Amino acid sequence: MSNTVPKLRSRLKGQAPGIQVEKRLWAADYKVVVGVDEVGRGAWAGPITVGAAVIPKDRRLYKLRDSKMLTEAEREALFGRIAEWCDTWATGHASHEECDRLGMSDAQRLAARRALSGLEVVPDRILLDGRWDFVGGTKTIKIVRGDATSLSISAASILAKVTRDRMMRSLAPHYPNYGFEDNKGYPCPTHKAGLQAWGPSAIHRRSWVFMDYLPWTGIPRYLRPDNQGILFDPDGE
């Protein structure tokens with residue numbers, strides 16, 4: 001894919017994330033402010049991934065938006081620019097096996113710890129997208145719709161999304177029956193049809209309730225003591 005960022009689509013204009021929260025923290029002498037976001041929680045296969053990004057105080061990057069607003073080509077074109085622009089960034093993953101064994105909440109916490117440890121800096125404050133603190137401690141600040149309103153979180157969201165998408169595309173040729181190159185492990189008709197015909201692959205999360213809707217393959221659903229998997233419906237919502 002080209003690294004030239006396409007012209008910003010008209011519907012995305014006026015929806016740029018800002019740095020209001022970051023500015024307040026920098027002014028209060030919190031020098032290392034980290035934006036954090038996750039991707040892959042709702043997928044049926046592959047890892048959950050958390051991105052962490054420390055943006056510079058004196059340089060801006062335009063055309064950056066919440067990863068969900070952008071096309072795959074736009075995210076890919078922005079990825080290299082964001083990676084070079086950030087003071088430091090990292091991604092952390094929890095594998096499909098860890099998602100099964102730990103449950104999604106603890107797997108997300110594990111991926112976040114790995115992302116933050118990969119920064120090789122000590123955060124003074126951590127900005128999280130959403131209402132749930134999956135990092136813990138006293139340094140976190142939760143921001144509802146943070147991926148659309150905080151530049152740090154928006155950068156982390158794109159870094160996490162592109163990194164995970166590339167992983168799933170690289171795995172797709174090894175598991176050709178599920179369309180991972182297109183759906184990245186999320187439920188869609190092609191993915192569901194592949195599961196019905198072939199059963200789960202080696203990278204599917206086998207504690208999830210979709211396993212109960214498959215023809216018998218000889219592979220049992222993985223059940224943890226907390227039975228957390230029943231919380232997830234067969235459409236991955």
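1. Strand E2, residues 48–54, is mostly covered, with seven of its seven residues buried (buried means under 20% relative accessible area with a 1.4 Å probe, protein chains only). Strands (E, at least two residues) and helices (H or I, at least four) are DSSP runs numbered from the N terminus.

2. The model is predicted: local features need pLDDT of at least 70, side-chain atom pairs count only at pLDDT 80 or more, and totals for chains, interfaces and linings use all residues. Residues are numbered from 1 along each chain as its sequence is written, and side-chain values use heavy atoms, with hydrogens and water left out.

3. Which residues of E2 lie on each side? One side holds Ile48, Val50, Ala52 and Val54, while the other holds Thr49, Gly51 and Ala53; both faces are covered.

4. Strand E2 pairs with two strands, where pairing requires that DSSP finds at least two bridges between them. With E1 (residues 33–39), the pairing is antiparallel over five bridges, and Val39 has Thr49 of E2 as its bridge partner. With E3, the pairing is also antiparallel, over seven bridges; here Ala53 stands opposite Trp89 of E3.

5. Helix H2 (residues 72–85) comprises 14 residues and reaches 20 Å from its first C-alpha to its last, close to the expected 20 Å at 1.5 Å a residue. The expected span is 1.5 Å times one less than the number of residues. A kink of about 30 degrees is centred on Phe79, the bend at a residue being the angle between axes fitted to the seven residues ending there and the seven starting there.

6. Phe79 is also one of the buried residues of H2, which include Glu74, Arg75, Leu78, Ile82 and Trp85. The buried residues of H2 pack against strand E3 (88–94) and helix H6 (151–171).

7. Helix H6 has 21 residues and reaches 30 Å between its first and last C-alpha, close to the 30 Å expected at 1.5 Å a residue. H6 is mostly covered, since 16 of its 21 residues are buried.

8. The largest pocket contains about 230 Å³ of space. Of the 14 residues lining that pocket, the closest to its centre are Glu38, Val39, Gly40, Lys68 and Tyr186. A pocket is an open set of points on a 1 Å grid over the protein atoms alone, where a 1.4 Å probe fits, with protein on both sides within 12 Å along at least five of seven lines; lining residues have an atom within 4 Å of a point. The volume is the space filled by probe spheres set on the points. E1 gives the most to the lining, with three residues.

Definitions and conventions. Buried < 20%, exposed > 50% of the residue type's maximum accessible area, 1.4 Å probe, protein only. Contact = heavy atoms within 4.5 Å.
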